[in-house]
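Hi,

Here is the structure I promised to pass on to you. Have a look at it first, and then read my notes below.

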Amino acid sequence: MTAYGTTPTGTRGTITVETEAEGITSGANAAGFTWMLKARCRGANPTEFFPSDGTGVISAQSVCDGCTVRSECLEYALAHQIEHGVWGGASERERRRILRRRRGAATTGAAVTQ
Ligand code: SF4
């Protein structure tokens with residue numbers, strides 16, 4: 001599996017998803033990661049999702065466009081404050097913007113759709 005995990009250094013690495021679906025094992029940590037099994041980028045080169053320029057971001061986002069677990073992926077990255085790479089179709093800058101909007105909404109009580 002290509003996607004999604006972070007190493008202590010903050011780079012995306014390969015994680016083992018413990019699920020019965022893959023015939024591995026069920027585990028206490030599996031529930032939060034089962035969406036990863038449906039990742040459209042599964043099997044893709046991880047470097048594609050850690051682009052160093054805008055062109056790379058657009059390329060990664062084009063993969064995310066058709067992904068059925070885009071929301072889960074984005075929420076995972078936001079919840080874990082993952083700073084690097086494209087997650088849920090959002091670049092690093094876009095995720096920072098989303099978090100700022102949410103913090104602002106939490107302060108004012110306004111609703112935020114994303
Ligand atoms: S939204 Fe993008 S980065 Fe997230 S799982 Fe889907 S294809 Fe991969």
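Thr-47 sits in the segment before helix H1 (54–64); helices here are DSSP runs of H or I with at least four residues, strands are runs of E with at least two, and both are numbered from the N terminus. Thr-47 counts as partly exposed because it has 14 C-beta neighbours inside 10 Å. For that term, 20 or more other C-beta atoms within 10 Å of a residue's own make it buried, 12 or fewer make it exposed, and anything in between is partly exposed, with C-beta atoms placed from the backbone. Between the C-alpha atoms of Thr-47 and Gly-85 there are 8.8 Å, although the two residues are 38 apart along the chain.

Glu-48 also belongs to the segment before H1. Glu-48 is partly exposed because 15 C-beta neighbours lie inside 10 Å. Its C-alpha atom is 8.8 Å from that of Val-86, 38 residues away along the chain. Leaving out residues up to four places away in sequence, Glu-48 touches Ser-59 and Ala-60; a contact requires C-beta atoms, placed from the backbone, within 7 Å.

Two points on how to read all this. The model is predicted, so to speak of local features a pLDDT of at least 70 is needed, and side-chain atom pairs count only at pLDDT 80 or more, while totals for chains, interfaces and linings use all residues. Residue numbers start from 1 along each chain as its sequence is written.

Now the overall picture. The protein has three helices and zero strands, giving the pattern α-α-α along the sequence. Of its 114 residues, 21% are buried. Among contacts with a separation of 6 or more, 41% join residues 24 or more positions apart.

Which residues come nearest to the ligand? They are Ala-39, Cys-41, Cys-64, Cys-67 and Cys-73, out of 15 around it; a residue is near if its C-beta atom, placed from the backbone, lies within 6 Å. H1 and helix H2 (70–79) each supply at least two residues of this shell. By type, the shell divides into 11 nonpolar, two polar and two charged residues, where Ala, Val, Leu, Ile, Met, Phe, Trp, Tyr, Cys and Pro count as nonpolar, Asp, Glu, Lys and Arg as charged, and the others, Gly among them, as polar.

Cys-73 turns up again in the largest nonpolar core, which has 17 residues and in which Cys-73, Val-86 and Trp-87 touch the most other members. Such a core is a set of buried Ala, Val, Leu, Ile, Met, Phe, Trp, Tyr and Cys residues joined through C-beta atoms within 7 Å. H1 and H2 are the elements that give two or more residues to this core, and H2 gives the most, with four. Beyond its neighbours within four places in sequence, Cys-73 is in contact with Trp-35, Ala-39, Trp-87 and Gly-88.

In H2, the buried residues are Cys-73, Leu-74, Tyr-76 and Ala-77. They lie on the same side of H2 because they cover an arc of only 160 degrees around the axis, taken from the directions from the helix axis to the C-beta atoms. The buried residues of H2 pack against helix H3 (92–108).

Best wishes

Technical notes. Two residues are in contact if their C-beta atoms, placed from the backbone, lie within 7 Å.
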